[in-house]
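Please look over the sequence and the model below before reading on. The text then walks through the fold, step by step.

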Amino acid sequence: MTEIVKGGNLPVPGQVWRIAVVRRAAGDGVPEVDASALLLDAGGRVRGDGDLVFYNQPAHASGAVRLLGQVRDEEQRVADWLEIDTARVEPGVRRIAITASVDEGTFGRVPGLHIRTISAATGEQLALYEVDDASTETAFVLGEFYLRDGAWKFRAVGQGYDSGLVGLAEDFGIEGRDPEPAPGAEPAPADELALDDGPAPEDESAPADALPEAIPEELLAKVRAAEAAVPARARVPVQRPAGVGPRSDAELFGGDFPEFVRGGKGRTTLTVDVPIPAGYVVVDSTRAGEGYFCVESLDEKGDPNGLLANTTLADYEGRGLLRYDGQSPLRLRVGAGASAWTLAVRPVRTVEELGRRARGRGGDVLLYTGPAGHLSSRLRTGFDHAYFLVQGYEPDGSDHLLANVASRLPRDGRPLPGGPVLVQVESADGDWSLEVRPPRQSRFWRRA
């Protein structure tokens, strides 16, 4: 058995493999984890919805990939088992991605997540990859089997997503409609799956004991026993004088005040000298020229406590959002090399509304007042890797992660609560687009 790190790969000889996605069992703050697989073509895309093997579609029509079931041990550790038979893999399939997802919570709360590959013929454990850097992700591509020069290899991927199984599958081309069953696609009956205990279905090409009825101790040697604490953010409602009601949705987030505008060049720290009530305020910033540009708010000690601009885009124009306590002086620090810049601190009433769609470049803040839905977001950039972050804020201080992806062309989607919600595009080194869609109702994703 070989332990490999993220990005590592090795050949996997043989024809039939069994893969275990191992972690601590759900409960005591640990979310439920679902294992799945995607059969991908040479372009890294599925050929149709049938190429997703998951809880509602546990067997591929070709028989090449199956979800076998689940086993547990007495120490509350659990593994979902999948099987890949390369003799049945169709010619158009070049990669098989092994994935995991959670419906509630994040993988930062899942101790001991790792994937292990075992030969179905011999029981030999071929590869182990442990995920040790999970945080806010709700889905992972853990590893992939891929064809290279006519031979199959395994690669540890460790790519996280913050859009759950639905967003991850869409990124590989799944449409998520309710398709007609593919010819020959007959999911294994429930009584043939090893769900909590008992053996997995027999395979005539492998010894009856090739798939263990319980997780071997050595298989679980890398499982961590303790849950990583993920503290929730404190929610502090906007304070408003007694008897004074809001005049608009925007005023639920903060009152009115005179605009503060300053210009400068290079690195500077400044204090906003206009009276600002407690609540959210927006900071518009422009920078002429190229190079790194950063704007951040400072606490009473002069330490950064909020990022309002952070970019290398040329001739930048953007908008950031911060929450002001109404007490300590509001101080801002600008880092712009030798470039000229302008800052403007303005009330929330100056933001534009987010309708069904919006496009922009760099940071921005929009006000959403519609019903609950699903926010899809995309970023297009010339950088090999770009960080794309979109957050939502309610008047009481509740926050929602709406996109959090690091890749060249990230596409993400998350539930959007009913308005009013301030939607902040915080990190976007490129052109972005947002689209609000109705909540998902497709039976394709609904658990059978």
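What follows goes from the whole chain to sheets, cores and single residues.

This is a predicted model, in which local features need pLDDT of at least 70, side-chain atom pairs count only at pLDDT 80 or more, and totals for chains, interfaces and linings use all residues. Residues are numbered from 1 along each chain as its sequence is written, and side-chain values use heavy atoms, with hydrogens and water left out.

Start with the whole protein. It has 1 helix and 29 strands. Both are DSSP runs numbered from the N terminus: helices are H or I with at least four residues, strands are E with at least two. Of the 448 residues, 51% count as buried. Buried means under 20% relative accessible area, exposed means over 50%, and partly exposed lies in between, with a 1.4 Å probe and protein chains only. The accessible surface comes to about 20800 Å², and carbon and sulfur atoms hold 48% of it. These areas come from the Shrake-Rupley method with a 1.4 Å probe; for residues, only the protein chains shown count as cover. Contact means heavy atoms within 4.5 Å. Among contacts between residues at least 6 apart in sequence, 75% join residues at least 24 apart.

An open sheet of 6 strands runs in the order S1-S10-S9-S3-S7-S6, with mixed pairing. Two strands pair if DSSP finds at least two bridges between them. Strands S1 (2-4) and S6 (65-72) are the edges, each pairing on one side only. Inside the sheet, S3 (residues 16-24) and S7 (residues 77-85) run antiparallel, joined by 9 bridges. Arg24 stands opposite Arg77 in S7.

Next, the packing. Nonpolar side chains tend to be buried together in soluble globular proteins. A nonpolar core here is a set of buried Ala, Val, Leu, Ile, Met, Phe, Trp, Tyr and Cys residues joined through side-chain atoms within 4.5 Å. The largest one has 36 residues, and Ile96, Ile98 and Phe145 touch the most other members. Strands supplying at least two residues each include S3, S7, S8 (95-102) and S11 (139-148). Another core, of 23 residues, lies apart from this one; Val272, Val281, Leu332 and Leu343 are among its members. Back in the largest core, take Phe145. Leaving aside neighbours within four places in sequence, its contacts include Trp17, Ile19, Ile84, Ile96, Ile98 and Trp152.

Because 8 of its 9 residues are buried, S15 is largely enclosed by the rest of the structure. S15 pairs with S18 (residues 316-324) in the antiparallel sense over 9 bridges. Gly279 stands opposite Tyr324 in S18. S15 also runs antiparallel to S20 (residues 340-347), through 7 bridges. There, Val282 stands opposite Arg346.

Some single residues deserve a look. Val53 lies in strand S5 (residues 52-53). Val53 is buried, at a relative accessible area of 0%. Its C-alpha atom is 5.5 Å from that of Ser36, 17 residues away along the chain. Beyond four places in sequence, the contacts of Val53 include Ser36, Leu39, Pro58, His60 and Leu67.

Two loop residues have a positive phi without being glycines. Asp28, at about 55°, sits in the loop between S3 and S4. Asp28 is exposed, at 77% relative accessibility. Asp315, at about 50°, sits in the loop between S17 (304-311) and S18. Asp315 is exposed too, with a relative accessible area of 54%.

Lastly, a cis peptide bond joins Gly419 and Pro420, with omega about 10°. Pro420 lies in the loop between S27 (411-416) and S28 (421-427).
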